[in-house]
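Dear colleague,

Please find below the sequence and structure that I am handing over to you. A summary of what was found follows.

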Amino acid sequence: MRRSRGFTLIEVLVALLIFGLIATAAAQVGSQYIASYERVRDKTLAAWLAENRINEVRLQSGLPATSDAAIDQEFGPYRWQVITRIASTADANIRRVEVSVRRYRSESSDLDTVHSLAAFVGAE
């Protein structure tokens, strides 16, 4: 009697199960990598926008007036909303500047706050 060579059905099923588990784990790792990359990219662009806005306020002549302002800005491949709040402090010669940067999601008007930055500006 001759025995045929090959895999049994159970061996094939176990191999498929192991391959399925490995493929699922690899897909999850890839998804987490992409989400992490997008978060770091958005955070970096938003930080640049916030720092630029604070430097614009610092470069103005004189002490800035207390105010709230929001502007939409294209930067990189995205549209952003930069909110600037200038508040007075206990010292009349110093202002607190708070910048919050939010990114528009696709073409909708929904916004995600990505980064906030605060600084103090004084009279020269």
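The protein chain exposes about 9,300 Å², of which carbon and sulfur atoms supply 56% (Shrake-Rupley method, 1.4 Å probe; for residues, only the protein chains shown count as cover).

Please note that this is a predicted model, in which local features need pLDDT of at least 70, side-chain atom pairs count only at pLDDT 80 or more, and totals for chains, interfaces and linings use all residues. Residues are numbered from 1 along each chain as its sequence is written, and side-chain values use heavy atoms, with hydrogens and water left out.

As to overall form, the radius of gyration of the protein chain is 27 Å, whereas a compact globule of 124 residues would have one near 14 Å (taken over C-alpha atoms; the globule rule is 2.2 Å times the number of residues to the power 0.38). Along the principal axes, the C-alpha atoms fill a box of roughly 100 × 30 × 20 Å.

The protein chain holds one helix and four strands, in the order α-β-β-β-β from the N terminus (DSSP runs: helices H or I, at least four residues; strands E, at least two). Of the 124 residues, 23% are buried (under 20% relative accessible area, 1.4 Å probe, protein chains only).

Serine 100 belongs to strand β3, residues 94–104, and counts as buried because its relative accessibility is 12%. Beyond its neighbours within four places in sequence, serine 100 is in contact (heavy atoms within 4.5 Å) with Gln81, Val82, Ile83, Thr113, His115 and Ser116.

Yours sincerely

Notes
Buried < 20%, exposed > 50% of the residue type's maximum accessible area, 1.4 Å probe, protein only.
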